[in-house]
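Reader: I have just opened this one and would like to understand the words used for it. Could you take me through them?

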Amino acid sequence: MPGKIEGTVVAYGPTGNLVSDIASDRLKGVPSGDNVKIICDEHETIGIYPASHQEDACTLMAILGTGGFLELTIVGDSAQTMLGVRLNEKIVVKW
C-alpha cells in the first residue's frame, strides 16, 4: 500500500544540509532502497541513508541526520547553496 509523509525544511545544517521537521521515528515504516522517493522543490532523490553513508561527491541524498531528522545533502557540497531551496519548502517522502 502506497504511503506518504510530508514535512518542511526548517533549518540549514552547518555544512549546508537541508534539515526537515520529519523526525526519524516517523520514518520507521518507510521501505528502504529504490522503493522510496524524496521530493523537495524540483529536486528528487531515491532512498534514505544513514549519516555515515559512503557515496560519490556531488550526489544528492536523503539521510537520517545526527540530530534525528531527515536531511537532504549534497555529498561534499552545500545543498543550501547548490539547490537554492528556501526555508519552509515542502519535503515529501513517497513509497
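Author: Gladly! Let us begin with accessible area, which comes from the Shrake-Rupley method with a 1.4 Å probe. By that method, the accessible surface of the chain comes to about 5,500 Å², and 49% of it belongs to carbon and sulfur atoms. Please keep in mind that this is a predicted model.

Reader: Why is Thr73 called buried?

Author: Buried means under 20% relative accessible area. Thr73 has 7%, so the residue counts as buried. Across the chain, 40% of the 95 residues count as buried.

Reader: Where does Thr73 sit, and which residues does it touch?

Author: Thr73 lies in strand 7, residues 69–74. Leaving aside residues up to four places away in sequence, Thr73 touches Asn17, His53, Thr59, Leu60, Met61, Ile63 and Ala79.

Reader: What makes the link between the side chains of Thr73 and Asn17 a polar contact?

Author: A polar contact needs a pair of N or O atoms within 3.5 Å, one able to donate a hydrogen and the other to accept it. The side chains of Thr73 and Asn17 are joined at 2.7 Å, so the distance meets that cut-off.

Reader: How do you know that strand 1 and strand 2 pair?

Author: Two strands pair if DSSP finds at least two bridges between them. Strand 1 (residues 4–12) and strand 2 (residues 18–23) have three bridges, so they count as paired, in the antiparallel sense. Within this part of the structure, Ala11 stands opposite Val19 in strand 2.

Reader: What is the order of the strands in the open sheet, and which are the edge strands?

Author: The open sheet has eight strands in the order 4-3-8-1-2-7-6-5, with mixed pairing. Its edge strands are strand 4 (43–46) and strand 5 (48–50), as each pairs on one side only. On average, neighbouring strands of this sheet are turned by 30 degrees against each other, direction ignored.

Reader: What pattern does the chain follow along the sequence?

Author: Read along the sequence, the pattern is β-β-β-β-β-β-β-α-β, from one helix and eight strands.

Reader: How do you know that the radius of gyration agrees with a compact globule?

Author: For 95 residues, a compact globule would have a radius of gyration near 12 Å; the chain has 12 Å, so the two agree. Along the principal axes, the C-alpha atoms fill a box of roughly 35 × 30 × 25 Å.

Note on methods. Residues are numbered from 1 along each chain as its sequence is written. This is a predicted model: local features need pLDDT of at least 70, side-chain atom pairs count only at pLDDT 80 or more; totals for chains, interfaces and linings use all residues. Side-chain values use heavy atoms; hydrogens and water are left out. Helices (H or I, at least four residues) and strands (E, at least two) are DSSP runs, numbered from the N terminus. Buried means under 20% relative accessible area, exposed over 50%, partly exposed in between (1.4 Å probe, protein chains only). Contact means heavy atoms within 4.5 Å. Axes are lines fitted to C-alpha atoms, for helices over the stretch in contact, and angles run from 0 to 180 degrees between N-to-C directions. The radius of gyration is taken over C-alpha atoms; the globule rule is 2.2 Å times the number of residues to the power 0.38.
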